[in-house]
Amino acid sequence: MKLATLRSSSRDGQLVLVSRDLSKAVAVAHIAPTLQAALDDWSSLAPKLAEVAAALEQGGVKDSFSFDPARAMAPLPRAYHWVDGSAYVNHVELVRKARGAQMPESFWTDPLVYQGGSDDFLGARDDVPVPSEEYGIDLEGEVAVITDDVPMGTKREGAFDHIKLVMLVNDWSLRNLIPGELAKSFGFYQSKPATAFSPVAVTPDELGTSWAEAKVHLPLVVHVNGKPFGQPNAGVDMTFDFARLIEHITLTRNARAGTVLGSGTISNYDRSLGSACIAERRTLEQIEQGKPVTSFLKFGDSVRIEMFDPHGRSIFGAIEQKVVRR
């Protein structure tokens with residue numbers, strides 16, 4: 001099933017179920033008023049939500065309405081826990097090279113994550129406010145999962161069943177602020193503004209065979225200002241799958257229901273597939289041409305991030321945003 005959160009009088013919005021083709025929706029307040037409420041009691045509420053989702057597909061819901069992604073907040077407008085990984089280690093290696101930093105060998109065996117701000121997520125069509133173009137405005141196309149309650153000490157083999165939803169991410173970065181923060185050995189913070197998410201989150205079964213071994217085996221299609229920028233495959237070159245990332249983040253603490261866990265920027269060794277962030281492209285230009293050519297984003301620039309099933313149908317809806325001056 002597919003779920004979204006529509007704007008309402010509540011800052012946490014209104015939970016709705018969305019049809020597979022993203023055309024229709026139905027409110028489910030009688031089951032759960034918000035997505036967090038559903039996740040808090042997922043084992044008992046998910047079957048009830050699935051019944052309504054099936055009826056919606058069959059045209060058996062009288063009070064359904066047209067789904068408008070512009071009305072959607074992030075599926076979880078705010079979360080108790082947002083942690084982002086760097087599961088595509090070849091991307092980490094490239095970006096660190098760009099700023100003259102060596103990458104420890106342990107990065108290939110021990111996942112790297114950071115805990116981000118989760119009190120102010122952006123919806124898929126929200127403008128992205130930034131104080132200055134000098135900060136080095138960059139997109140980062142990712143996949144994320146949402147978990148139920150995951151106990152401390154969960155091992156990878158026990159983590160698969162805790163993944164309840166999947167969605168897309170644009171983990172906005174301000175590249176020119178990152179070196180100064182990391183030099184203090186205590187970042188990120190200012191360099192990571194509000195993160196944006198796809199209009200809908202989907203249960204893993206919606207992905208069919210494209211969901212395997214806690215990875216999404218599909219290209220992430222990225223456009224900048226209407227032009228193709230990259231389509232790296234999220235299931236390729238992912239050093240750490242989501243189950244391994246869950247094992248990592250629960251080594252010393254619980255991950256409570258509603259934890260959002262990102263993959264980090266999707267990146268493939270096959271450079272012909274393009275990139276999911278500007279920093280990676282600039283690094284490759286530096287290596288190949290002796291200097292970066294692609295500029296970071298400017299006010300008025302737009303970004304579109306989307307993923308399609310093998311039949312060409314949008315799965316999560318598009319993250320489609322414009323950068324604006326704050």
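## Basis of the description

The model is predicted: local features need pLDDT of at least 70 and side-chain atom pairs count only at pLDDT 80 or more, while totals for chains, interfaces and linings use all residues. Residues are numbered from 1 along each chain as its sequence is written, and side-chain values use heavy atoms, with hydrogens and water left out.

## Strand β1

Strand β1 spans residues 2-6; helices (H or I, at least four residues) and strands (E, at least two) are DSSP runs, numbered from the N terminus. Because 5 of its 5 residues are buried, β1 is largely enclosed by the rest of the structure. Buried means under 20% relative accessible area, exposed over 50%, and partly exposed in between (1.4 Å probe, protein chains only). Lys2, Ala4 and Leu6 lie on one side of β1, with Leu3 and Thr5 on the other.

Two strands pair if DSSP finds at least two bridges between them. β1 pairs in the antiparallel sense with β2 (residues 14-18) over 5 bridges, where Ala4 stands opposite Val16. Its antiparallel pairing with β13 (residues 201-202) has 2 bridges, and there Leu3 stands opposite Ala201.

## Lys2

A polar atom of the Lys2 side chain lies 2.8 Å from the backbone oxygen of Ile315.

## Strand β5

In strand β5 (residues 82-85), Trp82 and Asp84 point one way and Val83 and Gly85 the other, and all are buried. β5 runs parallel to β18 (residues 260-262), paired over 3 bridges, with Val83 opposite Leu261. It is also joined by 3 bridges to the antiparallel β6 (residues 113-115), where Asp84 faces Tyr114.

## Salt bridges

The whole structure holds 15 salt bridges. One of them joins Asp12 and Arg78, with the closest N and O atoms 2.7 Å apart. This pair links the loop between β1 and β2 to the loop between β4 (65-66) and β5, 66 residues apart. Asp12 is partly exposed at 22% relative accessibility, as is Arg78 at 35%.

Arg175 forms a salt bridge with Asp138 at 2.8 Å and another with Glu140 at 3.3 Å. Arg175 counts as buried at 12% relative accessibility, and Glu140 is buried at 7%. Salt bridges that share partners join Asp138, Glu140, Asp171, Arg175 and Lys192 into one network.

How values were computed
Polar contact = N/O pair within 3.5 Å; in protein donor to acceptor, adjacent residues only side chain to side chain. Salt bridge = Lys/Arg side-chain N within 4 Å of Asp/Glu carboxyl O.
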